[in-house]
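Dear colleague,

My notes on its nonpolar cores and on one pair of domains follow it.

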Amino acid sequence: MAKFNLNVNGKNFQLDIAAQTPLLWVLRDHLKLVGTKYGCGIAQCGACTIHLDGVAMRSCSLPVEAVGDKAITTIEGLSEKGEHSIQRAWLEHDVPQCGYCQAGQIMTAAALLKDNPNPSDSDIDQAMNGNICRCGTYTRIKAAIKSAAKMEK
Amino acid sequence: MALIKTTYNRRSFLKSSAIAGGGMMLGFSWFASCKPIDDNTELLMPDEWFDFNSYLKIGDNGLITIFSPNPEFGQNVKTSMPMILAEELDVDWKNVLVEQAPYSPEQFPGAPFGQFTGGSRGIMMKWKPLRIAGASAKQMLKAAAAQTWQVAVDEITTESGVLHHEASKKSIGYGEMASLAAQMAIPEEVKLKEPKDYKIIGHSKKNVDGLAIVTGKPLFGLDYQKEGMLIAMAVHPPAFGMTLEAINNTEEIKAMPGIKDVFPIKTYKDAYKKGYFDTNAFPEIIAVVGNSTWEVLKAKKAVKAKWKSIEGSTNTIDRFGRDISVHTPAGLENTTDHNTQMETLMAKPMKVVRRDGDPEGAFKKAAKIIERTYSAPYLAHNCMEPMNFFADVKKDKAHVAGPLQGPGLIEPTLAASLDIPEENIETEMTRMGGGFGRRAYSHYMVEAALISQKVNAPIKLMYTREDDMTNGIYRPTYRAIYRAALDESNNLLALHVKAGGVPESPLFANRFPAGSVDNYLAEEFAIDSNITTGAFRAPRSNFMAGAEQSFLDEIAEETGKDPIEFRLELLKRAKENPVGKENDYDPERYAGVLELVREKSNWGQNDANLHRGVSAYFCHNSYAAHVLDLTIEKGKPVVQKVTCAIDCGIVINPDAAANMAEGGIVDGIGNAFYGEMTFKDGVPQKNNFHQYRMIRMSEAPKKIDVHFVQNEIDPTGLGEPPFPPIFAAVANAMYKASGKRQYHQPFIREEKILG
């Protein structure tokens with residue numbers, strides 16, 4: 001066990017925990033932030049995507065000891081009440097079906113728009129290809145990302 | 001207006017004191033009710049709620065809560081079912097709250113399917129009860145107003161949650177009348193609206209859980225938390241055909257950090273007579289219980305056990321009141337052996353399921369015979385949320401919560417396993433992170449409850465992705481041979497289909513093109529297996545449609561006919577002069593979707609770089625047709641566009657319905673291109689997404705256009721029907737692009753194309 005200070009969604013947390021514990025389980029089990037999802041555990045599906053200093057990361061494969069003093073943002077911290085342009089666009093396009101993968105999709109999309117406010121179709125494909133949606137909402141996700149890009153202009 | 005018997009008795013149409021008092025809802029408030037997200041104003045909660053029936057309560061301020069009876073896995077019934085009720089109740093959608101009803105066979109009769117999500121039956125089965133529930137409550141509100149105002153009830157009208165009496169110019173809101181109305185007699189018959197008067201049905205409403213989903217609220221079974229809850233995982237045998245002999249390192253595991261216990265659990269009681277959905281491969285597995293997911297995960301990986309072969313057995317299974325016998329062979333099975341077995345059986349006579357005319361005679365005198373073989377592999381469901389369940393089992397009662405499609409299907413097994421009567425088991429249905437048929441087989445709920453009972457604590461059982469993929473209830477593997485006899489003028493004389501699979505035949509002998517050909521023969525076979533299989537989005541259809549519609553495409557080409565025109569000619573025959581009386585489809589509606597997709601896709605337009613495939617199918621009481629446009633870019637097939645036409649009767653929530661059709665199309669393309677599970681010595685050969693190829697953003701169609709046939713026919717299934725025909729639309733377009741027909745799924749196997 002080791003002590004860690006984590007900055008999650010602007011709040012500080014102190015934890016005494018095994019150093020190898022993936023951040024995903026720290027968030028879900030210890031901080032009760034369950035918006036970040038488990039899908040594969042091997043960084044292949046993107047359901048666990050969070051931001052580390054604004055960069056999209058797979059939290060299932062990120063040991064808590066590797067976080068350091070970087071700021072963690074989860075879906076719960078993306079906005080207070082779903083006001084982020086990506087979230088608004090998701091609602092406008094009524095993207096989700098089962099909804100399970102969508103937190104990860106939204107976090108990846110939000111990081112994409114931050115880096116690239118006007119992504120092309122292939123930019124979107126490239127950024128989003130790591131996120132599986134088993135329900136097949138890809139066409140709506142793409143449309144929503146484009147809508148969100150327009151909102152930001 | 002149509003007058004309709006309410007058919008409710010007091011028992012099913014109850015004024016539930018449990019709900020009125022909030023007692024039943026308290027345990028459920030964790031999944032807080034959802035506000036329609038297209039209304040931005042805060043809704044004020046009423047001081048008091050009044051129950052009208054199992055489906056709704058009305059607050060003193062006019063707010064309505066509608067309980068969505070069926071579990072939600074993305075098909076959006078949690079929005080569309082309340083829409084149906086709200087329509088007949090005649091309320092403003094923005095004043096409607098929606099809550100997921102708990103499992104309650106008393107309130108939602110029809111067990112085991114009263115609250116079943118699957119088979120594309122939800123809307124079809126609830127269409128009438130939901131309308132009656134809304135109309136009955138409206139009638140009770142009218143009766144209350146009539147009594148209050150001392151006027152005839154027929155003189156009362158309603159609009160958007162307000163009661164009016166035209167002659168006296170009186171008006172009052174539903175909320176103010178709710179207290180009195182809830183005490184009114186339940187009407188014996190009610191008037192239902194005509195479709196032309198619909199204000200909510202047919203008008204798109206946003207997903208009621210939309211905001212909760214995009215803000216990461218706890219909605220799913222895996223999100224379930226309870227004070228003192230432990231985490232449990234299971235270790236199942238490494239191969240189908242095996243079971244546990246002994247755990248080798250119990251003490252070592254127990255000594256690991258955070259671990260409470262490790263022990264074997266028998267998945268069924270001895271001699272338990274299983275139900276039809278009690279599908280579960282392993283008689284005995286290992287449970288690991290501890291404080292946190294990571295600790296349990298590490299312990300699970302460290303478990304060492306001795307496994308042994310199962311013995312072959314023949315069991316009697318209760319298939320909804322009818323006993324059937326199921327043989328489970330011993331042994332470690334291989335995909336290559338399955339393929340050889342199927343090929344061998346194909347060459348032998350098999351069970352004839354339908355014969356019209358003289359098919360053998362027709363083949364003898366044929367000028368040309370075309371014979372093609374089609375196959376499809378096992379598929380894993382791969383729901384994004386792995387199987388899981390929460391259970392808190394006490395001495396004489398239990399509380400379980402989690403994702404499942406059919407609580408009524410597993411509840412008897414749960415009760416028998418725990419020795420606790422069903423009425424003492426409280427079952428919450430969480431939003432499912434996908435289902436696709438997998439969660440109709442929810443034995444993981446029983447496993448969770450047995451673990452909780454053993455450790456005497458609330459636990460949440462979680463399958464890892466590897467558990468989920470390697471302890472599946474797979475889509476069976478199938479094979480079919482189609483033969484066509486043509487005369488010298490290329491007229492279709494006879495059609496012959498032989499189909500089978502492990503462990504079931506995929507054949508629907510009475511589906512199109514049966515009924516459109518004078519001489520028709522359908523035969524089938526099945527091979528026993530110990531690999532567990534079950535429903536997978538449009539069971540059996542999901543293979544047969546691809547085979548049949550690919551074959552028809554080939555026959556059309558052989559006869560020199562346009563593939564849509566060829567199908568329409570057959571359907572014309574089936575309509576005007578059908579062969580046989582058992583045909584299970586309506587040729588006119590079938591032709592309707594083909595005609596609509598032909599129009600909407602601008603079929604016949606020529607673009608040398610665009611390769612188009614068409615396909616249509618009928619299943620789950622609905623009709624779907626697709627035109628798929630493909631290009632080849634850097635050697636890879638790229639789906640540019642899919643145009644889809646569907647006839648599922650009245651469409652409740654058009655945009656959400658389109659979303660589901662889009663999903664079925666993407667799912668189908670993914671499985672047609674990549675989907676495959678194989679077995680070697682009983683071991684599933686893929687265990688996570690690095691091996692099991694799923695369709696991703698860049699491989700999805702760039703555009704999908706969904707069109708619904710407009711009619712006033714009672715609604716039928718939608719979750720499944722768009723899925724099966726897409727396989728052949730892919731195959732037929734790939735043929736246009738490459739000149740090579742696709743017979744064996746998955747269609748893309750070459751590494752250089754897979755990338």
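In this predicted model, the largest nonpolar core has 210 residues, and those touching the most other members are A:Trp90, A:Ile145, B:Tyr590, B:Leu628 and B:Ile669. Helix α17 of chain B, residues 654-673, supplies the largest share of this core, with 9 residues. Another core lies apart from it; that one has 48 residues, including B:Ile64, B:Ile66, B:Val91 and B:Phe108.

For B:Tyr590, I also list the contacts beyond its neighbours within four places in sequence: B:Phe512, B:Glu548, B:Gln549, B:Leu571, B:Tyr585, B:Ala616, B:Tyr617, B:Phe618 and B:Tyr623.

Turning to the domains, the assignment for chain B gives domain 1 (2-211), domain 2 (224-314 + 381-470) and domain 3 (477-754). The C-alpha centres of domain 2 and domain 3 of chain B are 37 Å apart, and their contact involves 19 residues of domain 2 and 21 residues of domain 3.

Between these two domains of chain B, about 1,600 Å² of area is buried, with carbon and sulfur atoms giving 66% of it. On the domain 2 side, B:Phe240, B:Phe436 and B:Met469 lose the most area to domain 3, together 36% of what that side buries. As for polar interactions across the interface of domain 2 and domain 3 of chain B, the rule finds 5 residue pairs in polar contact and 0 salt bridges.

With kind regards

Note on methods. Residues are numbered from 1 along each chain as its sequence is written. Chains are lettered from A and ligands numbered from 1 in the order in which they are written. This is a predicted model: local features need pLDDT of at least 70, side-chain atom pairs count only at pLDDT 80 or more; totals for chains, interfaces and linings use all residues. Side-chain values use heavy atoms; hydrogens and water are left out. A nonpolar core is a set of buried Ala, Val, Leu, Ile, Met, Phe, Trp, Tyr and Cys residues joined through side-chain atoms within 4.5 Å. Buried means under 20% relative accessible area, exposed over 50%, partly exposed in between (1.4 Å probe, protein chains only). Helices (H or I, at least four residues) and strands (E, at least two) are DSSP runs, numbered from the N terminus. Contact means heavy atoms within 4.5 Å. Domain bounds come from an automatic or database domain assignment. Buried area is the accessible area (1.4 Å probe) that two parts lose on being put together, summed over both. A salt bridge is a side-chain nitrogen of Lys or Arg within 4 Å of a carboxyl oxygen of Asp or Glu. A polar contact is a pair of N or O atoms within 3.5 Å; within protein, one must be able to donate a hydrogen and the other to accept it, and residues adjacent in sequence count only if both atoms are side-chain atoms.
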